[in-house]
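Here is a short tour for anyone who likes to have the structure open while reading. Please keep the viewer at hand and follow along.

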Amino acid sequence: MLREHTDTPPAPPDPTLQDATARMLQVMEGGSLALLVALGHDTGLLRTLGDLPPSTSAQIADAAGLQERYVREWLAAATCGRLICYQPGEGTYRLPPAAAAVLTGDGADNLARSLSMLGELTRVLPRVRDCFSTGGGTGYRDYPRFQEAMAEESAAVHDAALIDHILPVTDRTDQLETGIDVADIGCGRGHAVNLIAQRYPHSRVTGYDFLPEPLEVARAEAAAMGLTNAEFVCRDAAHLEAPGQFDLVTAFDAIHDQAYPDRVLAEIRRSLRPGGVFLMVDFRASSNLEENVELPWGAYLYTVSLLHCMTISLGQGGAGLGSGWGTQLATRMLGAAGFTDVQTTTLDSDPFNVYFRAVA
Ligand SMILES: C[S@@+](CC[C@H](N)C(=O)[O-])C[C@H]1O[C@@H](n2cnc3c(N)ncnc32)[C@H](O)[C@@H]1O
């Protein structure tokens, strides 16, 4: 991979044995808590705790509709992990407001969703362990809850920011108002498509995905919203076969895990009318590893890549770009696909991603 600069930063000093041990203990606690938060999110326990005053394990289990013994063990771990506060005299537990703000709710700030996704991805640990020796990768069928968890994560961002903050990045909101042809590539359960179609009734919005199941959910949501300008097509984006059909194409978190990202980008470019805009949303990272060390979610980024993004691409015999392909490589690949005027934007509402705007 080409590098963007030639300066080599000084290597960090080696950790002492004491430092390395302390760090590993932190990792052991952090890793345990990641699984605990995933469970707390998926069972609804965190949401229940967020709604309750200080309560006993029996009261919490009752309110959540869960088994008390399991809830009590979860509470013990969460107490030791300092996620929740325990009052020994009363035998009560509470989720402090600041923890509730980052672990519950429908907003984009709820990080428990990202840990729920990590939990889902651990299903493939044995398979990925084998891949280290055998090569190959995984398939979408290996992740039965992936689409649900993905849709939950992206809906939080899109509900909060798609219309007011994300679409303005395209500089095409006036045309959307009048009525243009829009496509979303790798749309999954299609919530973004439906939000765009709802807000811009004169535009026609098509979501593409190569899996039929998420598209069924997308169509059901479009019907429930009474939309007549949203449609969903089951097609491989590497064979989009839609030359000159669109004025605006979006891809939310759907390019770096492609088997053939170069072909997909070229097909998207071909699907746009002259002057049409492509909005590509992808992980905010550098193509140079050392520049990602300070990212607070750098290890998460590459771990998710190992458990899904890189590995699912390799499983199709693909490029295996990985989540950390980075802004520099992405910009070069957009240029190689024939896009011009590639610009990047970051948004406060979405710290994990970078927004590429490219012109056909
Ligand atoms: C990480 S998910 C993102 C889904 C959605 N854009 C979102 O933000 O929730 C990537 C999606 O791309 C779809 N996908 C991957 N490769 C594809 C291809 N070659 N053609 C069409 N869809 C593809 C997957 O099925 C999946 O739904």
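The text below looks at the ligand site and then at a pair of packed helices.

## The ligand and its surroundings

Please keep in mind that this is a predicted model. The ligand is surrounded by 18 residues, and Ser154, Gly186, Asp209, Ala237 and Gln258 are the closest of them. Sorted by class, this shell holds eight nonpolar, five polar and five charged residues. Which helix gives the largest share of the shell? That is helix 8, spanning residues 146-166, with four residues.

On its own, the ligand has 600 Å² of accessible area, and the protein covers 96% of that.

## Helix 3 against helix 4

Now turn to the helix pair. Two packed helices are described by the angle between their axes and the distance between those axes. For helix 3 (residues 57-64) and helix 4 (residues 68-80), the axes come within 9 Å and cross at roughly 115°. The crossing of helix 3 with helix 4 is right-handed.

Which residues of the two helices meet? From helix 3 come Ser57, Ala58, Ile60 and Ala61, and from helix 4 come Glu68, Val71, Arg72 and Leu75. Five of the residues in this contact of helix 3 with helix 4 are nonpolar, one is polar and two are charged.

Technical notes
Residues numbered from 1 in each chain as written. Predicted model: local features only at pLDDT ≥ 70, side-chain atom pairs only at ≥ 80, totals over all residues. Heavy atoms only, no water. Axes fitted to C-alpha atoms, helices over the stretch in contact; angles between N-to-C directions. Left-handed = near helix turned anticlockwise from the far one by under 90°. Contact = heavy atoms within 4.5 Å. Nonpolar A, V, L, I, M, F, W, Y, C, P; charged D, E, K, R; others polar. Near = heavy atom within 4 Å. Areas by Shrake-Rupley, 256 points an atom, 1.4 Å probe, with all protein chains shown as cover.
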